[in-house]
Amino acid sequence: MINGAEREVRLGAYSFTSPEIVKALVAAERRGVDVKVVVDKKGNATNSSSRQALNLLVNSRIPVRLNGKFAIHHDKYVIVDRAHVQTGSFNYSRSAETRNSENVLAIWNVPELAQQYLKHWESRYAAGVNWKSDY
């Protein structure tokens with residue numbers, strides 16, 4: 001879904017360590033897609049793999065915010081071009097890709113649903129703090 005984005009990607013995540021997702025987001029930004037990310041603060045701010053992934057995003061001009069408002073920001077979804085939604089249990093992590101039992105649902109061309117997810121994403125992004133790369 002990220003690889004097919006033409007205008008906009010909004011990602012909300014709990015765990016964020018996947019090199020493949022980072023590459024897809026950076027490639028989207030390089031195509032001119034407006035990409036923004038919000039992730040859980042506690043689960044990512046001190047994890048070295050997460051820090052590396054977040055640094056790669058912000059060093060590629062992709063705004064990232066950490067949300068620490070909740071016990072955990074347990075969201076896992078992507079909104080693409082305000083029309084498509086990917087959601088499920090799948091954390092954006094190597095463990096989710098290779099070891100865990102996960103589920104993912106891709107919903108194409110349902111802008112009404114995408115708008116509901118976008119409203120949720122905007123509230124979580126607004127409550128977050130900017131991630132600053134440490135290199």
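Predicted model: local features only at pLDDT ≥ 70, side-chain atom pairs only at ≥ 80, totals over all residues.

Colleague: OK. How many residues of β2 are buried, then?

Modeller: In β2, 5 of the 7 residues are buried, so the strand is largely enclosed by the rest of the structure.

Colleague: In which sense does β1 pair with β2?

Modeller: Strand β1, residues 8–13, pairs with β2 in the parallel sense, over 6 bridges.

Colleague: What do β1, α1 and β2 make together?

Modeller: They make a β-α-β unit, and it is right-handed.

Colleague: Let's switch to α3. What span should its 12 residues have?

Modeller: Helix α3 covers residues 48–59, and at 1.5 Å a residue it should span 16 Å. The C-alpha atoms at its ends are 16 Å apart, which agrees.

Colleague: Fine. Which residues of α3 are buried?

Modeller: S50, A53, L54, N55, L57 and V58 are the buried ones in α3. They pack against α1 (19–30), β2 (34–40), α2 (41–45) and β3 (64–67).

Colleague: Which residue caps the N-terminal end of α3?

Modeller: That is N47, with a side-chain oxygen 2.8 Å from the backbone nitrogen of S49. Just after α3, R61 takes a positive phi of about 70°.

Colleague: Where is S60, and is it buried or exposed?

Modeller: S60 sits in the loop between α3 and β3. Its relative accessibility is 14%, so S60 counts as buried. Leaving aside neighbours within four places in sequence, S60 is in contact with V26 and E29.

Colleague: What about D134? Where is that found?

Modeller: D134 is in the segment after β7 (129–130). Its relative accessible area is 46%, so D134 is partly exposed. D134 and S60 are 74 residues apart along the chain, and their C-alpha atoms are separated by 13 Å.

Colleague: Which residues does D134 touch?

Modeller: Not counting residues up to four places away in sequence, D134 touches R51 and N55. The side chains of D134 and R51 are joined by a polar contact of 2.4 Å. A polar contact of 2.6 Å links the side chains of D134 and N55. N55 is also one of the buried residues of α3.

Colleague: New topic, aromatics. How many aromatic pairs are there?

Modeller: A search of the whole structure finds 3. One of them is F90 with Y92: the ring centres are 6.0 Å apart and the planes are at 70°, so the pair is edge-to-face. F90 is buried at 15% relative accessible area, and Y92 is buried at 2% relative accessibility.

Colleague: Are the rings of W121 and Y125 stacked or edge-to-face?

Modeller: Stacked: their centres are 4.6 Å apart, with 20° between the planes. W121 and Y125 are 4 residues apart in helix α5 (residues 111–126), so about one helical turn separates them.

Colleague: And are those two buried or exposed?

Modeller: W121 and Y125 are both buried.

Terms used: Residues numbered from 1 in each chain as written. Heavy atoms only, no water. Helix = DSSP H or I, 4+ residues; strand = E, 2+ residues; numbered from the N terminus. Expected span 1.5 Å × (residues − 1). Buried < 20%, exposed > 50% of the residue type's maximum accessible area, 1.4 Å probe, protein only. Contact = heavy atoms within 4.5 Å. Polar contact = N/O pair within 3.5 Å; in protein donor to acceptor, adjacent residues only side chain to side chain. Phe/Tyr/Trp six-rings, centres within 6.5 Å; stacked < 30°, edge-to-face > 60°. Pairing = 2+ DSSP bridges. Right-handed = clockwise from strand over helix to strand, strands pointing away.
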